[in-house]
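Reader: Could you walk me through one part of this model up close? I'd like to know what packs against what, and then how the chains meet.

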Amino acid sequence: MEASRRDFMQYVVGAFGAVAAVGAAYPILKSLGPNAAAALQSKVDYDVSQLKPMDVRVTSWKGFPVFVMMLPTPFNWNGPERNNKYKNHNRDILGNHNVYAIIGKCTHLGCIPLWKPDGDSAMNPSNVPVFHCPCHGSIYTPWGDNISGPAPLPLGIPPQALNGNTLEIGTPGFVKKFWDPYT
Amino acid sequence: MGLAKFIEERTHLSEIFQSQMVDYKVPKNLTFPYAFGVLAIIAFTVQIVSGMILLMYYKPYDTLAFDSAALFIWKVVPYGWLFRSIHAAGANFFLAVVYLHMFTGIYYNAYKKPRELVWVMGFIIYFLLLLTALTGYVLPWGQLSYWATEVTVEIPGAIPGVIGETISLLMRGGYTLGNLAIGRFFALHVLILPLILLGVVSIHLFLVRAAGISNPDGKPYDKKKEGVPFHPYVTLKEGAVAMFYLALFFFFVFFYMKEFLPATNWEPANPLQTPAEIAPEWYLKGYYAIFRSIPNKFIGFVTFNLVLALILLLPWLDFSPIRSARRRPLFFAMYIVFIFAGAGLTIIGTLQATPQVAKVGLFFTALLFLFFISLPIISFIELGYAKAKGEVDYAKGGEQ
């Protein structure tokens with residue numbers, strides 16, 4: 001009888017010890033995780049109702065600068081293309097969507113490209129709308145495909161969904177996975 | 001002398017000295033590489049002392065970190081340049097000495113019965129040391145610091161599903177590498193990891209004494225006839241080696257710091273601009289070369305972790321009764337392959353990642369695995385050999 005009582009106490013003490021260990025580990029781990037402000041960055045909703053065709057707005061997602069843009073429909077773009085493995089890479093991912101978000105960080109050395117809807121005088125032909133990185137002169141199509149300059153890869157594309165007038169950046173939708181040129 | 005006697009009567013320190021240093025007998029044929037353990041302890045001490053000084057002036061905050069390290073410590077604090085140089089070069093020397101120490105242990109098979117726990121504890125030290133070096137590297141908040149850490153915290157992202165991203169998030173404290181990361185890396189680097197290291201190093205040293213030091217012949221030896229007192233035979237020898245080591249170390253500290261404080265890291269961190277060449281420090285380049293030579297990210301991640309796991313499991317992969325590469329020609333050949341592959345991968349890790357370099361990297365990775373795979377095979381062959389020679393009793397674990 002003594003022995004079984006002692007056994008019982010052993011199990012109870014062991015169980016409480018285990019609960020206490022888990023209870024202590026939980027807040028420690030949680031304190032290391034993203035706080036409320038950081039968690040807000042993982043999903044960004046952008047109201048596109050105010051956007052006019054050819055507009056580009058800048059927002060931020062997971063610390064990246066993000067271009068939210070609206071192209072007119074129909075949109076014909078007859079600028080040059082780069083004939084390599086990544087030819088029309090982003091254009092294929094974005095499909096026929098005219099409202100979308102791309103990461104605004106040049107894949108050459110990380111500057112933020114400028115939107116030039118009337119083209120860039122340094123370019124030939126110069127009248128097509130492009131993104132131009134001022135740091136070393138890389139040129140991207142409106143979909144973020146690199147067409148000239150030193151940038152090796154197209155711009156990144158965050159996962160995104162279009163829900164009415166809200167572009168949900170970070171939510172898998174018509175772009176399911178983050179296409180990240182840095183990984 | 002009165003004070004010495006006063007302390008002696010209350011602590012009996014001379015008895016401890018007599019029993020632990022003079023009456024402690026070690027094999028008299030210990031070779032030069034047996035000094036690397038002592039050098040590692042010296043390197044650890046150098047890091048702790050120089051780190052204590054830097055801790056007084058360094059500010060773990062994104063807008064202050066770079067200036068406190070690169071301007072304040074370097075230019076304003078008297079002799080601050082010296083302590084930062086010592087700490088930066090010391091980290092590289094520490095890792096180098098630990099690698100040499102591990103290679104020595106592998107060469108003399110110092111991981112075999114009864115020294116398996118010594119090896120396991122040593123592996124834990126090695127792993128914690130890599131973490132300590134990694135967390136320390138971010139603190140100067142230069143371009144290399146920032147981007148090398150950014151790449152490192154992205155590595156767990158190779159694990160599919162939410163687990164990988166969760167680990168990355170826990171390391172950074174959010175989606176961007178910033179203040180939260182500096183704070184936790186600082187805490188890990190200056191207190192948590194060194195404190196754990198101190199404990200684990202103590203256990204390692206205790207286990208070395210408990211199991212007894214191995215000898216380069218790998219044969220059982222008569223402690224009375226073939227042993228020499230640790231003091232003064234070994235203490236003086238290792239003291240001389242230590243002085244030579246420190247001379248070499250300070251040569252680099254004073255005259256050749258450009259490899260230890262690279263130019264790219266004298267530019268403040270810029271989260272919008274990746275430097276053209278971004279690679280980890282040399283002591284991680286081997287794993288890095290494996291990781292990027294394999295075209296699949298997840299398989300690359302698994303492979304380099306597998307190498308770490310195989311190093312940990314070395315005592316159980318190699319169950320041959322014969323110890324020391326001196327008496328194992330097959331093992332010696334594979335040991336050369338192992339060193340060759342390790343050095344090859346480290347060199348490959350410094351080159352730019354072209355498809356040709358990736359192919360060479362795969363070749364060296366294969367060689368590395370060839371070493372680990374060959375261990376059980378060599379062990380089987382040598383087990384038969386030992387049985388034929390009637391050495392099986394010794395194989396079952398005689399004290400040596």
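Author: Let's start with B:Tyr126: skipping its neighbours within four places in sequence, this residue is in contact (heavy atoms within 4.5 Å) with B:Val98, B:Tyr99, B:Met102, B:Tyr287 and B:Leu308. Bear in mind that this is a predicted model, where local features need pLDDT of at least 70, side-chain atom pairs count only at 80 or more, and totals for chains, interfaces and linings use all residues. Residues are numbered from 1 along each chain as written, chains are lettered from A and ligands numbered from 1 in the order written, and side-chain values use heavy atoms, without hydrogens or water.

B:Tyr126 belongs to the largest nonpolar core, a set of 85 residues. The top contributor is chain B's helix α5 (a DSSP run of H or I, at least four residues), which spans residues 80-107 and gives 13 residues. A second, separate core has 24 residues, including A:Leu71 and A:Cys106.

Now for where the chains meet. Chain A brings 20 residues to the contact and chain B brings 17. About 1400 Å² is buried between them (accessible area lost on being put together, 1.4 Å probe, summed over both), and carbon and sulfur atoms give 61% of that. On chain A's side, A:Leu32, A:Lys62 and A:Leu109 lose the most area to chain B, together 35% of what that side buries.

Key
Core = buried A, V, L, I, M, F, W, Y, C linked by side-chain atoms within 4.5 Å. Buried < 20%, exposed > 50% of the residue type's maximum accessible area, 1.4 Å probe, protein only. Helix = DSSP H or I, 4+ residues; strand = E, 2+ residues; numbered from the N terminus. Buried area = accessible area lost by both parts, 1.4 Å probe.
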